[in-house]
Amino acid sequence: DAIGQSKYWSHSAIVIVWDDWGGQYDNAPPPQLDFRGLGIRVPCLIVSPYAKQNYVSHTMYEWGSILRFIEQVYGLPELGSAQDGYSDARANSIIDSFDFNQAPRPFKTIPVKYHKFDFIHEPAWAIAQPVDDE
């Protein structure tokens, strides 16, 4: 909400990714692009006034895809070659998830079960407890 209600909203992109696959089964084996290969698929959400609404991309991304997008938008060079281990050089950009020809959509708060103060003022003993029991 802080960014969405600020002067920065009209030129923001927030990319939310999980840092792990969570132990869930994935029926698609990860591609082996190099000696490290890619890992199990993880979800990604894009919050932006330019993000395509109700869009599901079927492009294969990797962690370097976010950096590749930033390099593409700002005209920056790649960090280095894929042979040297820089995945942004080979990654697909997430740019297909955006429509920069549209006017920026206004920010809309998404209703949530818990109020933000439930997390800001959460006692230290509760941090290790699950937030939701459903």
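Asp88 is buried (under 20% relative accessible area, against over 50% for exposed and in between for partly exposed, with a 1.4 Å probe and protein chains only) and has no salt bridge. Its nearest side chain of opposite charge, Arg68, is 5.7 Å away. For this search, Lys and Arg count as positive and Asp and Glu as negative, while His and the chain ends are not counted. A salt bridge needs a side-chain nitrogen of Lys or Arg within 4 Å of a carboxyl oxygen of Asp or Glu.

Asp88 sits in the loop between α1 and α2. Leaving out residues up to four places away in sequence, Asp88 touches Gly64, Leu67, Arg68, Glu71, Glu78, Leu79 and Gly80. Contact here means heavy atoms within 4.5 Å.

## Basis of the model

The model is predicted: local features need pLDDT of at least 70, side-chain atom pairs count only at pLDDT 80 or more, and totals for chains, interfaces and linings use all residues. Residues are numbered from 1 along each chain as its sequence is written, and side-chain values use heavy atoms, with hydrogens and water left out.

## Overall build

The chain has two helices and two strands. Their order from the N terminus is β-β-α-α. These elements are DSSP runs, numbered from the N terminus: helices are H or I with at least four residues, strands are E with at least two.

Of the 134 residues, 17% count as buried. The accessible surface of the chain is about 10,400 Å². Carbon and sulfur atoms hold 57% of that surface. Areas come from the Shrake-Rupley method with a 1.4 Å probe; for residues, only the protein chains shown count as cover. Among contacts with a separation of 6 or more, 68% join residues 24 or more positions apart.

Glu71 belongs to helix α1, residues 64-74. Glu71 is also buried and has no salt bridge. Again the nearest side chain of opposite charge is Arg68, here 4.2 Å away. Beyond neighbours within four places in sequence, Glu71 contacts Leu76, Pro77, Glu78, Leu79 and Asp88.

Arg68 does form a salt bridge, with Glu78. The closest N and O atoms are 2.6 Å apart. The pair links distant parts of the chain: Arg68 in helix α1 and Glu78 in the loop between α1 and α2, 10 residues apart. Arg68 counts as partly exposed because its relative accessibility is 26%. Glu78 is partly exposed too, at 39%.

## The Arg90 bridge

The structure holds two salt bridges. One of them joins the side chains of Arg90 and Glu62 at 2.7 Å, N to O. Arg90 lies in the loop between α1 and α2 and Glu62 in the loop between β2 and α1, so the bridge ties together parts 28 residues apart in sequence. Glu62 counts as buried because its relative accessibility is 14%. Arg90, at 27%, counts as partly exposed.

## Aromatic pairs

The whole structure has four aromatic pairs. Rings of Phe, Tyr and Trp (its six-membered ring) pair if their centres lie within 6.5 Å; planes under 30 degrees apart are stacked, over 60 edge-to-face, and the rest tilted. Trp9 and Phe107 make an edge-to-face pair, 5.2 Å centre to centre with 70° between the planes. This pair links distant parts of the chain: Trp9 in the segment before β1 and Phe107 in the loop between α1 and α2 (116-120), 98 residues apart. Trp9 is buried at 10% relative accessibility. Phe107 is partly exposed at 24%.

Tyr50 and Phe100 form a tilted pair, 5.5 Å centre to centre with 45° between the planes. Tyr50 is in the loop between β2 and α1, Phe100 in the loop between α1 and α2, 50 residues apart. Tyr50 is buried, with a relative accessible area of 16%. Phe100 is partly exposed, with 43%. Tyr50, Phe69, Phe98 and Phe100 form one aromatic cluster.

## Nonpolar surface patch

Ile16, Val17, Trp18, Val42, Leu45, Val47 and Trp63 form a nonpolar patch on the surface. Together they have about 580 Å² of accessible area. Patches are made of residues with over 30% relative accessible area and no salt bridge; like charges are joined within 9 Å, nonpolar side chains (Val, Leu, Ile, Met, Phe, Trp, Tyr) within 5 Å.

Strands β1 (14-17) and β2 (44-47) each supply at least two residues of the patch. Ile16 lies in strand β1. Ile16 counts as partly exposed, at 36% relative accessibility.
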